Structure formats: structure tokens, C-alpha cells
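Thanks for passing this one along. Here are my notes, to be read with the structure open beside them.

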Amino acid sequence: MAGHQTYEEQKALVFRGLMLLGFITLIEVTIAWFAKGHIVHSIKFSHGFGHYLYMLLMVGFSLYKAYFIIFYFMHMASEVRGLVLSVLLPTSLLIWAIIAFFQEGTSWGHRREIIKEKNEEVVKPVPASQPQGYLIPGAQLFPLRG
Amino acid sequence: MAETSVAHAHDKHDNGHDVDQWDGGSHVPFKASYGKLMMWYFLVSDAFTFAGFLIAYGALRFSMPTWPEADFVFASLPFLSGHYPLIFVTIMTFVLIFSSVTMVRAVQEGARENKNGVVFWMFLTILGGASFLGCQAYEWTTLIVHENVSLSQDPFGRHIADGVYLNPDGSEAKNAEGQLLGFEKDDSYLLHMHDGTPSGIAFHDMNKPGEKMANLEGTKIKYTSGAYAGQITEAPAGPRAFGALFFFITGFHGFHVFSGVLFLSIIAINAASGVYAARQNGYEMVEKIGLYWHFVDLVWVFVFLVFYLL
């Protein structure tokens, strides 16, 4: 516990936490309304740079909220270094998990697109006089490459 | 033999009286009691479970060409009809933040050995947790009963290209003022489901931004741009994985809130009956359940991020 703080300081921290978390949440939701075109209907951050900026902001705010909850509400800030590291270091493995699995998910999407394209592909019938996929008389089986 | 002296050393300890000690030794790992440390490591493992769920959600979402738009899906308020994007879930977030704050107060009062303070603030925390569960029950009911989302059915879709809505007879649909009912790429719609088949479609009229939703019989649309220009098709349902991911992840979080309320109640009753006052350890049990309760709030930060904000 944060034994070094006075009771008044502790109560001030609680009030600060309430204001901070509430305020950040309000900012997040306001930005979300704005970015999705609910405030000014002609402005939307749904594509390109604006969308990336929006996502980055939201992730940043959430990470700050998480940091505040862990370090001040859960008193991680006043625990010894070993405890902090033994909790945070294993969790940092998740960074790689996120990169790897999001990459993988994107790849599933691409494959699904290819399969869909191939399924919808219309194959033109080839006249019997121009056979394809057979050995054409006189043609080299494996053309030599220069 | 060597063992004899070790056993003898153990005999010297008066076990079970000092809760700060793990086995009677005078050194405690990380200067934290056994219970508190184990709560931290339980929370680490729980964080990995949640992370597994959320990463699966991200991977599946990234693999889909479209994903339901949060501010279209989550736009209901109790007792009010109309479109209020993200308002209700913001209220839910505030309920959880408040209950987290009251929990901090309970832990602080515990450290001062103030029994009444602990019980009072824990009571408010329990109230907050129960309110959150009530909000979640409303949210789930809206989705399941009124909007027909299920584990394998998602009536919330988004258009993959620009186009127009069609009447059942194949003509282009118009609103009461005679304006064409069109849509742009990424616009959202909700299919009206009857016995598993879509019978109609609800969407925002582009001509009147911010107003109530327009409804059409039939679900035919015609694309006017992109690779599908000219194609007439049924408006497709959204990604099937959406419902399963939403209900499993928010359900797993809700289950944590539920068990949290249960344990908070038990510990509040114990605190009120003076069990922890007798232990004279600064209400450590309250501190431990406090760690768990803040963790539930912490997880909600990320559930809120990925399901409602992004």
C-alpha cells in the first residue's frame, strides 16, 4: 500500500483518478463521434491518414488509462521493482502476439479474396483447333532460357 | 545428519501467526504477502486469457472485407427510440470507473482500519458492479431480441461499394420526398430477420443525415461503382464471427464482473462482521479483491477500445 502518503493525499489521488479517467473517456467518445461524422456530417475520418491518426489516438488514450489504473489504483507505483518487472515483462510478449496474429488475419483475408476471384472467374471455352494444356506438335517441352 | 539440523531450524518457527510471511522466514519475496502476490500472478494469467480473446477478435476482423460499424450497432438507449451512437456504452464505462474509484476508497479506509468506511465504500462498489451487469443485460437483450444478432448470425452489414436500394419490384427506391435512396461504400445497414431469412433492410437516409432510420421491404441492392457496378444482389449479412466474438468476450468480462460482485459481497459481509478487524493487517483481503476489481475495469478499457471505439 501507499503507506508514505497522507490520508488527504490519498483522497486527492482518488479524485484526480476519477476526473482523469472520466475526462479521457469523454474525449475519446467525442473524438469518435467527430471521426465517424456524427457531429459534422460531411467530415469523416474513415479512410487513409485520418483513420490511422484516429486509431493511434484511441489506442494511446486507452494505454494511458491502463497505465493509470495499474500504477495508481492498483498501487504498482509503490511496489518493489522486481514485482513490477515480473508482471510487466511477461505481458510485453503480447506485443509480438498482436503483430503476428494481425498479420495472419490480414493474410486470411487476402486468401479469401483470391479464392472468391477464382470462383467467379469465367473461363472462355477454347476451340478444338487451338488445344491448350496439351503437348503441341513441334513445340519444345521445356523451352531453354537464355 | 544434515537433515536433523534443518528440521530443527523449522521447529523454531511459530507458524501461522504472521500473515506477511510465506513459510516463517523473515524475508518475503517482493515485500508483498503471499496472497497479494498470487493475486497479481492470477491477474497476469487472466490478462493473457483476455488478450487471447481480443487478439482472435482482431485477427478475424482483419480477415474480413467489412466489419459492423460500432456506432451503428450500439446506438440504443433504454426508454428512447432513435439513434444515440455510443451513449449507452459510455454510461456503462462511467459506472465501471465510479465503482473502481469507490474501491480505491474502500482499500484506503481499510489501511486506516476504519471498518465502517470499508463497508460503506464496498457497498457502493457492489452497487456499481450490479448496475454494470444490468446495463449489459439491456445491451444484450437489444442485440438478441430486437436486432436478431446470435452466435452465428449478424444482420449488421456494411456496403462494399456505392449503389442504390431497390424496391421488391426491382425499381429504384425513393423516400417520401421522391429523393433516390442510395448508399456509399462502408455505409451500414441492418437486415430485418424473420426465422433466419432477411425480409427487409434498415439504414440511414443519406439525404437526411442524423435523422431516424429508413426501412424498406425486400433487401435487393444495385451497385453503381467498383468491380461490381451494375450488379443486382441481396444485401449480404455481416461477418458471422461478429456475434460469437462479441458475446464471448463481453460475456467473459461480464462473468468477471459477476464473480467480482459475488466476492465483493462476501468480503464486505466479512468486513462488517469484524473478521478482518481482528486480523489487524490493514484489511489486506479488501486490498486483494480491490486488485481484482481494478483489473476488471482495466479489461473494460480494452473491450471498450476494440468493440466500440475502433
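The points below cover the chain contact, the nonpolar core and a sheet.

1. First, a reminder that this is a predicted model.

2. The contact between the chains draws 45 residues from chain A and 43 residues from chain B. On the chain A side, the elements that give two or more residues are helices H1 (7–35), H2 (48–73), H3 (81–91) and H4 (93–120) of chain A. H1(A) supplies the largest share of that side, with 12 residues. Sorted by class, the side of chain A that touches chain B holds 26 nonpolar, 13 polar and six charged residues.

3. The largest nonpolar core counts 86 residues. Helix H8 (residues 284–309) of chain B provides the largest share of this core, 18 residues. The residues with the most contacts inside the core include B:Phe74, B:Met122, B:Leu264 and B:Ala271.

4. Which residues does B:Met122 contact, leaving aside its neighbours within four places in sequence? They are B:Ala106, B:Leu264, B:Ala268 and B:Ala271.

5. Chain B also has an open sheet of four strands, in the order E3-E2-E7-E8 with antiparallel pairing. Strands E3 (182–183) and E8 (232–234) of chain B are at the edges with a single partner strand each, so one side of each has no neighbour in the sheet.

6. At the E8 end, E7 (residues 220–223) of chain B pairs with E8(B) in the antiparallel sense over three bridges.

Key: Residues are numbered from 1 along each chain as its sequence is written. Chains are lettered from A and ligands numbered from 1 in the order in which they are written. This is a predicted model: local features need pLDDT of at least 70, side-chain atom pairs count only at pLDDT 80 or more; totals for chains, interfaces and linings use all residues. Two residues are in contact if their C-beta atoms, placed from the backbone, lie within 7 Å. Ala, Val, Leu, Ile, Met, Phe, Trp, Tyr, Cys and Pro count as nonpolar, Asp, Glu, Lys and Arg as charged, and the others, Gly among them, as polar. A nonpolar core is a set of buried Ala, Val, Leu, Ile, Met, Phe, Trp, Tyr and Cys residues joined through C-beta atoms within 7 Å. A residue is buried if 20 or more other C-beta atoms lie within 10 Å of its own, exposed if 12 or fewer, and partly exposed in between; C-beta atoms are placed from the backbone. Two strands pair if DSSP finds at least two bridges between them.
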